[in-house]
Each structure stands twice: as C-alpha cells, then as structure tokens.
Number of protein chains: 2
Amino acid sequence: MTPARDPQDRPLAALVAPDILELLEESPGAIAAEVEELHPADLADVAELMSRAQVAQFLAALPAARAADVLEYLDEELRTAVLEEMPTAQASALVSQMTPDDRTDVLEEIDEDVAEEIVSGLPADARAETERLRQFDPDTAGGLMTTEFVSVSSAASVDDTLEAVRALARSGRKEATYAIYAADEHGRLAGVLSLRELLGAAPGARIADVAWTEVVSVGPDSHRQDVAQLTANYDLIAVPVVSESGHLMGVVTVDDVIDVIQEEQTEDIQRLGGMEALDEPYTSIGFWQMIRKRGGWLTVLFVGQFFTASAMQSFGSELQKALVLSLFIPLIVSSGGNSGSQATSMIIRAMALGEVTLKDWWRVALRELPTGLTLGALLGVLGFGRIVVWQRLDLWDYGEHYVLLAMTVGLAVVGVVAFGSLIGSMLPFLLRRLGLDPASASAPFVATLVDVTGLIIYFMVAVLLLSGTLL
Amino acid sequence: MTPARDPQDRPLAALVAPDILELLEESPGAIAAEVEELHPADLADVAELMSRAQVAQFLAALPAARAADVLEYLDEELRTAVLEEMPTAQASALVSQMTPDDRTDVLEEIDEDVAEEIVSGLPADARAETERLRQFDPDTAGGLMTTEFVSVSSAASVDDTLEAVRALARSGRKEATYAIYAADEHGRLAGVLSLRELLGAAPGARIADVAWTEVVSVGPDSHRQDVAQLTANYDLIAVPVVSESGHLMGVVTVDDVIDVIQEEQTEDIQRLGGMEALDEPYTSIGFWQMIRKRGGWLTVLFVGQFFTASAMQSFGSELQKALVLSLFIPLIVSSGGNSGSQATSMIIRAMALGEVTLKDWWRVALRELPTGLTLGALLGVLGFGRIVVWQRLDLWDYGEHYVLLAMTVGLAVVGVVAFGSLIGSMLPFLLRRLGLDPASASAPFVATLVDVTGLIIYFMVAVLLLSGTLL
C-alpha cells in the first residue's frame, strides 16, 4: 500500500489536471500522448482530483499497461470504488497488466464477489498465478512476493543470461530483474548475483563462477517484518522466497519492503498510543470503525482504572485524617506513568530493530532499575522542593508537618518512578514471551498499571513517615 | 546507519566464527578465500564476536574493497573504536575503498582529529570529494548522497551507454548504476531511465528517445524525511540530488533511504514516549546520557503536573466537604490522558505520512469532537455503572447521594474524554505551526495537559450537580 498523499499538495498534479480534464471531455484519444512523460504516481494524483466516473474514463484512455501502473498508485479507497464500479471485463483487462503481487494486493481490498468475477476474467495463466498467491497471508513473504523474476541454470553462461534479461526487458514485462537467481541441477536456489554484477562479469564466464552461493532468503510463511529486517540489514533490493525443498517461489522487491516498514511503523505508533491499529488512513476510516478501534482499549483501560478507586477506598481512613495527601495524587501517579511510557517506547523500538531480544530482559531490568532510581531522585527532590517552597512563600498552608509531607511526596516519587521504569521496560518482554505483539504495551496501558501501584506506594510511604503526626 | 544486530542471533556468524578465529591465529592468509562467499553483513557479525585487536587483524587479512564493505556493516561503536585505534595509514586505505556517502558517514562518527588525519591520508580526489560531502548536514539529501553515479549526454546512444555501464561494473567501483541519468547540452539533468529500461531499449536508439523527462528530484538541502517520502511514493531505487542550476550533484540510494526511515521511526517513537530521541542504540548508550535524554522531559512534565496540585488546592473546600470525590480523581484524569494519547499518536503518524497537513486542522477538530463525545459517553456510562453497582452490591458506601455522585463522575468523564481527544489531536498541529516537530506532542505531554484541565472539569461538574447535597 502506498501511503495516501494529498493531491492539493502536489503542484504537478494540480498543474496538469485541468488540461487532462479538458481533454477527457473533448478528445480522450489525445490523453495518452499528453501524459506520456509523467510518473504513474503523478497520474494517480491527477485521478484523485476527478470523479469516479472520470477516473474510469481516464484509465480507459491510457494504454492498458500504463493504466495498470496508475491503478497501483491510486488511493486504496478510490481504487476499490473504481474497480468495483467499472465493467468486469475492463477491470480484468486492467488487473491482468499488473505484476502478480500488486494484482493480489488489489484484489485483497475489494469485495470478495467482485474479486472472484475479475479473477475469472483473467487469462488462464494469470488466473492460476493469482489464485495461488491469494492463498498466502498478506502479512507473510508469500503474500508480498511477485512470481516474475529471473532465474537461470548455474551452468548458463553470463552472455546468454544477459541476452535473456535483455529479451525480458524488451518484452515490457515487469519482472524483478535487479537480482538474477541461479538454480542447481535439481532446480533449487543455489546462487544470486546482482544485475550490476552480471553486467560486470567477464564475457565467457558461467553464472556459477560469478554468483554468490550464500543466498539470504526467507520462507513463504516468514513474517513481513522479518523480510523487512533482512532487507535493511543486508541492503538488499530483492529478497528471494524459497520453499522448504529449496526452490525459488518468488521475490519480494524493495519498494514493497518500504511500504511494509511504513505500515508496521503506523501500527506500532497507533498501538503505542493505546488503540488498535487503524489499518486505514486516518482520513478515510469511518466514524463507527474509528470508535471501535479506539473504544476497545479505552474501555479496558478505564475498567483497569477502577482499581485506582478501590486502592483509594482502601486508604480511606488515611485520606480522611490527612486530606492534604490527596492534593499530590495526580502529580505522583503521573510521574510513574511518564517514566513507564518512556521505558516502554524505548524497549518496543529496540525490540523491533532487533537491538534487544527476549533473553536480554534481565540485562534491561538491571539497567532500568538504577536509571529509574536516578530519575526518581531527580523528580523527588523537585517534589520535595515544591511543597517546602510553597509553604515558605506562604502560597499554601500544608500544616505544621509540611516537611514530613514533603518527604513523603519526595520518597513516593522515587519509588513510583523507579517502579514505572521497571514495569514499563519489562512489559514488552512479558508480552513477547506470551506470544503477543510487544507494541501492545501502550503508554496508556503502562500508565494504568503504574497508577494503581503508584497509589499504593504513595500511601504506604505516607503510613510509614506520617504515623503519629498527620496519620 | 545499519540497525544494530545481535551476533548471537545470527546462526551463520556463530557457525563460522570459530573457524575464522582459528585461521586468524594460524594462517591469516587463508581467511580471504575462506569467507569469499559470505555477505559483508555476516562478516561484520563475525567481527562483532572478536576483540578489537582481532577485528583490525581480520580486516587487514581481507582484500581492501572487501574489508571496506565489512567496515560499513559493523556496529557503529565498534567501527569507531577500530578506526580510531588502527594505524592512520591502514584506516585511510580502508576508508578510501568505501563509497563517498558511506565514507562521509563513517568519518562523521569518529573523533574529529582522527577523522582529519584519515582524510589527509586519502588519495587527492577522494579527499576533495570527502571534504565537499562533509559540508552537508547529515540529515539532508546532500548528507546522504553518493557522488558516484552514471550520467550520460541525452544525445548518447543506448549502445554506448550500456557499454559505459558495463565498463564501470567491470571496474569494480560502486557507482549507483540502477538509474541512468541524462544531461542536456548545458550539463543539466534532463532525463532518467532505469537500468532495466536501458537493457530493454531498442539498439540504435538515443538516450533522449527512451529517458523519462519528468525527473523526480530533490535539492541538496531537502530534509532526509522528504527524500524518504518521495522514494516511498514513487517506488524509486535512487533519488537524484540536483543543484539550483539544475545540475546533478549526487544520488541517494534506496538502502540509505531504508536506514533513514528506520531512524526517523525510532526518533518518533521515542519522542512519542515522552523523551528525547536517543540517537544511539539502547544497548550502547551511556548511563548519564540516558538520564539526560529522559530526565529533561520528565522534569518538564513533573513541573507541569505541579498545576494539578494547585488545581486540587483551589477546590480544597469542596474536597473537604465531599472527600468521596477524591476517590475518582485518578480514574477521571487518566481517561482524558488515554483518549488524548490515542488522538495524538494517530495525528502525528497521519502527518508523517502526509495524510493530513496543517490546513486540515479544522477538519480533524470537527471529527475528533464527536468521536471524543461518543467515546466519553461510552466510558461515562461505565463510570456511572461502577459507582451504582458497587453501592447496590454493598461493596462500598458512597452515601445517600450516590446516584448524584455517579452522575457527576459519568458526566465528568464525557467532558474529559472529549476534551482529551480534542487537545490530543490539535497539539501536533499547533507544534507544527510553531515550526516544531509534531512528534514532540508525546503521550505524557498530552496526559499532563489533560490532567490539569480534567481536574477542573471534574470539580466544576461536581459543583454544578452536588451543590446543596454533598457540597
């Protein structure tokens, strides 16, 4: 999925759109030549300024391969609407021009029945290919791969291979050509070389002489995030997808990997914010869907917060005796939530990048505890100072035991911040251990956990320090 | 920067490391052949299992170009240490083999004086190139670009161009060859075609006939995030960097763009968690640096939370009369913080993807208000129910006016959640308007803003509903 773009911000699209719209009215036949030099992404921006009927007309006015390119860059919602509304034959013709992986993605988005009809209108080989690819989970390497790639025998000569690549390039088909794969006599993946290496190879050499035999590859069920991580670590432009028997099934190209990285990032940030991943642009998601995505977690967190009321109730007699304690409750519990939120975000990201793994939990805990205590001491001193200064400046009267009260607040902050850092850093490990997404350890989730324990820490410190004076 | 990897998780590295270490002791001359087929990223993993002295030995045992590749994939901290400790001549020889962009990055990381020495040991042309590139801000297109690319005259023939590319590939130099740029008679960038398109072009054609004339490009001062967004939107494998006069200065390749996307994401997530971006892997940052990165925002937020104490103080007489109100303070303020955190994360991400821009603030506000009210109503009913149920089941005695109290809590939650959603969604717009990074609107920042206002909303509702009964 290409991230949504705002056509208004695209000066090029806004510039050429009026001309194209005029041609669409008057001489659609002239459109193809007019827009020949424009990138399909720009044409998609132009299309987003049109009505749906106009988009269908516009696509019909372009050569089929070009129209398919534009379709690929179109905003998902618009693309779905256009494909569902156009005659099935036109839709099939368009979709048949897309690469197998993009075709599968597009069909994934639209109404199941319409997709079936479009697929049944495809040429036999494209239909079989599409049906095969649709079986893979879209979040796996199999769901991302294209099946059009260049594979030759290890025994082939460099010159023949280069000729084959040139023939493919001339045919206008959209194979992933930047990596050339070599197969052994059993057809298993045995080597890889980049197109650049092929061009640089000595004439007369065999592929086996120049290919790299240690091939970085994934299985069809590998999660897309692992594919992305491999691409980033090895600076790949294509990741081969290999079956259990060692045969090359397809290739995930770097442009799709970039989309994966961005989508995963969007999910992580939304989860971290305490909601379900939207899976759709903010601008196109429906009202009730939005409520559902946000309401679920809000409800869970709210019910979790019931425990704060229970905790407060259990310290009811202390509160009654020293109402002044209640004044600092938001200050204290929030300091724990904040430090917890920091620790959680950091660890989730470090996990996503592979900087820390499950077995590092102990090392992280040993690091977060002193960090939390130090940060807590910093804030604790501030909290202590806040009360003493307000009292001395006569801004508020906390009573004769104000120093004890200030110590209570200060010490409670140390405990709460240290505890928050620890919980916040450990929660992602716990979630991963349970097989859940560590990014579900949202800032609000951590804050809720820490709020309840923070109250208990606060009142326990109060009982300890203030018994005999305020309590 | 390649994200840090954990060598222990790399079975390949762990597998070959013992052999390589043994060879390093006994016959370093045999190492190059032994590891010939391994990807430099894997060799870097192996190096990370060695002592620093061994790493220098290992690099010396590899052909210079290969050693430079390994150096590029090495963990930043280790690379810095190794380069700083090895003889300057060896370091210069190694670094001279890197592409100009990687060379500049590596020099950026190490001690300024050592970097100067290494640069002065480079061959004259590499030295001039490096000094020129080091002038660019690393966060801009100029700081990311490599200056080794393929540029030909528009008038050149396809066949000559292909021959030139093959000669380059044979020379073993690491030009960015997947896009070929065409220059007009004044040397200005006039077209682009992919290597695939070059291979597929009809023999005898001129570059001008087959190149795309609408070239997507950036200026040297473009922010790296814009380079990344262009790459994602147009599915590019290289982004040309063009001077104001229209001349091609360099090329940013897709592997560097992936690193940029990951680094920007790390920064966004850490800021969203309420801290400064670490700019270093979690595992390698020092204790006091960590305290500084986290302590700053924690302090600001803590001081911000002082206002909650002030707000509570100003409602001191109400609290005195109806202590029961204090029981629900954490519950109510946290519900606002949570809804605000959701809205902020969502809008920050939508902004980063270009889904919403500054001028959409009004549209977003009009959307968040009803969303917030609906979510607030959902939680408000739960809050109301919580009090009534606890009372009816004799779990706690909230007094004879418990229904009024339940209504107060319920209504306050509606107001606080709606307000939280609104503030949370508007804050990123405000920050961007002020020229700041919208991602600074962290979840804890929003929570703090909402905590203070949430308390005021709560007590105002209480005064409204409970005057004459509890108050």
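Asp279(A) counts as partly exposed because 13 other C-beta atoms lie within 10 Å of its own, on a scale in which a residue is buried if 20 or more other C-beta atoms, placed from the backbone, lie within 10 Å, exposed if 12 or fewer, and partly exposed in between. The residue sits in the loop between helix H16 (254-272) and helix H17 (287-314) of chain A, where helices (H or I, at least four residues) and strands (E, at least two) are DSSP runs, numbered from the N terminus. Although Asp279(A) is not a glycine, its phi is positive, at about 65°. Most residues other than glycine have a negative phi.

In chain B, Asp279(B) is placed in the loop between helix H16 (254-272) and helix H17 (287-314) of chain B, and its phi, in a residue other than glycine, is a positive value near 65°. With 13 C-beta neighbours inside 10 Å, Asp279(B) counts as partly exposed.

## Basis of the model

This is a predicted model, in which local features need pLDDT of at least 70 and side-chain atom pairs count only at pLDDT 80 or more, while totals for chains, interfaces and linings use all residues. Residues are numbered from 1 along each chain as its sequence is written, and chains are lettered from A and ligands numbered from 1 in the order in which they are written.

## Domains and the contact between chains

Chain A is divided into domain 1 (7-135), domain 2 (149-263) and domain 3 (287-466), with bounds that come from an automatic or database domain assignment. Taken over C-alpha atoms, the centres of domain 1 of chain A and domain 2 of chain A are 29 Å apart.

The contact between the chains takes 105 residues from chain A and 105 residues from chain B, two residues being in contact if their C-beta atoms, placed from the backbone, lie within 7 Å. On the side of chain A that touches chain B, helix H19 (residues 329-352) of chain A supplies the largest share, 17 residues. That side divides into 53 nonpolar, 35 polar and 17 charged residues, where Ala, Val, Leu, Ile, Met, Phe, Trp, Tyr, Cys and Pro count as nonpolar, Asp, Glu, Lys and Arg as charged, and the others, Gly among them, as polar. Because 100% of the interface residues of chain A are also interface residues in chain B, the copies meet through the same surface.

## Helix H12 of chain B

Within H12(B), the residues Val158(B), Thr161(B), Val165(B) and Ala169(B) are buried. They cover an arc of only 75° around the axis, which puts them on the same side of H12(B), the arc being that of the directions from the helix axis to the C-beta atoms. The face turned away from this buried side carries the exposed residues Glu163(B), Ala167(B) and Ser171(B). Just after H12(B), Gly172(B) takes a positive phi of about 80°.

## Leu38 of chain B

Leu38(B) lies in the loop between helix H2 (31-34) and helix H3 (40-47) of chain B, and counts as buried because it has 21 C-beta neighbours inside 10 Å. Not counting residues up to four places away in sequence, Leu38(B) touches Glu214(A) and Leu43(B).
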